[in-house]
Amino acid sequence: MNAFRLIAALPTILLLPFAAAQAQTERPSTCLAMAQTSPRVIYTSLALTTAASAEAVDITYAGHSTYIIETPAGVTIATDFSGAYGASPTPRVVTMNKAHSTHFTRNPDPAIEHVLPGWNPEGGPARHALLVDDVYIRNVTTDIHRYGAMEPDANSIFIFEVAGLCVGHLGHLHHRLDDSDYAAIGRLDVVMVPVDGGLTLSLDGMSEIARRLSSSVILPMHRHSTPLSAFTSRMGGGFELDFREGRTITVALDNLPRRPTIVILDGV
């Protein structure tokens, strides 16, 4: 299993958060084979230590598009957080997207240390590069359809780099990705994919993205009434199906499935 390290200097400009209180630091991503969106940056492979590969991340389906990620250091992250799911116990970090009110809240609990909107309230793309204990969180913006028009950079794909793993959440994705998007996302060992087939991207488009990302673990979400088979049948025979009775999956570098696997947790 390989990760990546930086062998050329990053640009000196830091990506600034919206709230000054959120101290964010850009660092080399271990999930990028080639940072096409960052000039003068080249990443090469580096063998991971055995100790790092033994660390595990718990991912729990809370509801709708909210998964709770718990890192080895105990950092809890709630994705697409509206407050309806994953609010208790209070997560340290929440990510949000604004396509619908079920994916964000205007009044997050003040006890949440880091609130990361997937859009920039001041305009332009959101930029997050946040290190919280053992997890590095960054984002790649995409566009959303609102009221018959396309709103640029209004959704974010969030990537969580922890324990040598690259975990991605596609958010409320509305369109196919291009080569620059895939380059900015990099490797995803685990990806959370909306499979409603209507409010987000079509099932044909979403399965195309999931196949190209070639993640070891695919976690469906945002299903509504869509039959799971409508998504899984489009993924093809190269993907295993794993139905779980519980809501939590524990993932580590040394327990990733040998074949790409669609894991359906209880409640999805």
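**From one hairpin to the whole chain**

Modeller: Strands β10 and β11 make a hairpin with two residues between them, and Ala 163 in the turn has a positive phi of about 55 degrees. Strands (E, at least two residues) and helices (H or I, at least four) are DSSP runs numbered from the N terminus. This is a predicted model, in which local features need pLDDT of at least 70 and side-chain atom pairs count only at pLDDT 80 or more, while totals for chains, interfaces and linings use all residues. Residues are numbered from 1 along each chain as its sequence is written, and side-chain values use heavy atoms, with hydrogens and water left out.

Colleague: How many bridges join β10 to β11, then?

Modeller: Five bridges join β10 (residues 149–162) to β11 (residues 165–169), and the two run antiparallel. Within that pairing, Ile 159 stands opposite Gly 168 of β11. Strands count as paired if DSSP finds at least two bridges between them.

Colleague: OK, new topic: in what order do the six strands of the open sheet come?

Modeller: The order is β7-β6-β5-β4-β3-β15, with mixed pairing. At the edges stand β7 (114–117) and β15 (248–252), each with a single partner strand, so one side of each has no neighbour in the sheet. Further in, β4 (residues 66–70) and β5 (residues 76–78) pair in the antiparallel sense over three bridges, and Ile 68 has Ala 78 of β5 as its bridge partner.

Colleague: And the loop between β4 and β5: is Thr 71 buried or exposed there?

Modeller: Thr 71, which has its place in that loop, is buried, because its relative accessible area is 4%; buried means under 20%, exposed over 50% and partly exposed in between, with a 1.4 Å probe and protein chains only. Leaving aside neighbours within four places in sequence, Thr 71 is in contact (heavy atoms within 4.5 Å) with Ala 56, Asp 134, Val 135 and Val 162.

Colleague: What about Thr 30?

Modeller: Thr 30 is found in the loop between β1 (2–6) and β2 (43–47), and it counts as partly exposed because its relative accessibility is 24%. From Thr 30 to Leu 165 the C-alpha distance is 8.6 Å, although they are 135 residues apart in sequence.

Colleague: Switching to helices, which residues of α3 are buried?

Modeller: In α3 (residues 203–213) they are Leu 203, Gly 205, Met 206, Ser 207, Ile 209, Ala 210 and Leu 213. These buried residues pack against α2 (179–185), β12 (190–194), β13 (217–221) and α4 (228–235). After α3 comes Ser 214, with a positive phi near 55 degrees.

Colleague: Which residues touch the most other members of the largest nonpolar core?

Modeller: Of its 59 residues, those are Ile 59, Tyr 67, Ile 137, Leu 170, Ile 218, Leu 219 and Phe 231. Such a core is a set of buried Ala, Val, Leu, Ile, Met, Phe, Trp, Tyr and Cys residues joined through side-chain atoms within 4.5 Å. Not counting residues up to four places away in sequence, Leu 219 touches Ile 59, Tyr 67, Val 190, Val 191, Met 192, Val 193, Ile 249, Val 263 and Leu 265. Apart from this core lies another, of eight residues, including Ala 78, Phe 81, Val 115 and Trp 119.

Colleague: And the overall picture?

Modeller: The protein chain comes to four helices and 16 strands, and 51% of its 268 residues count as buried. Among contacts between residues at least 6 apart in sequence, 58% join residues at least 24 apart.
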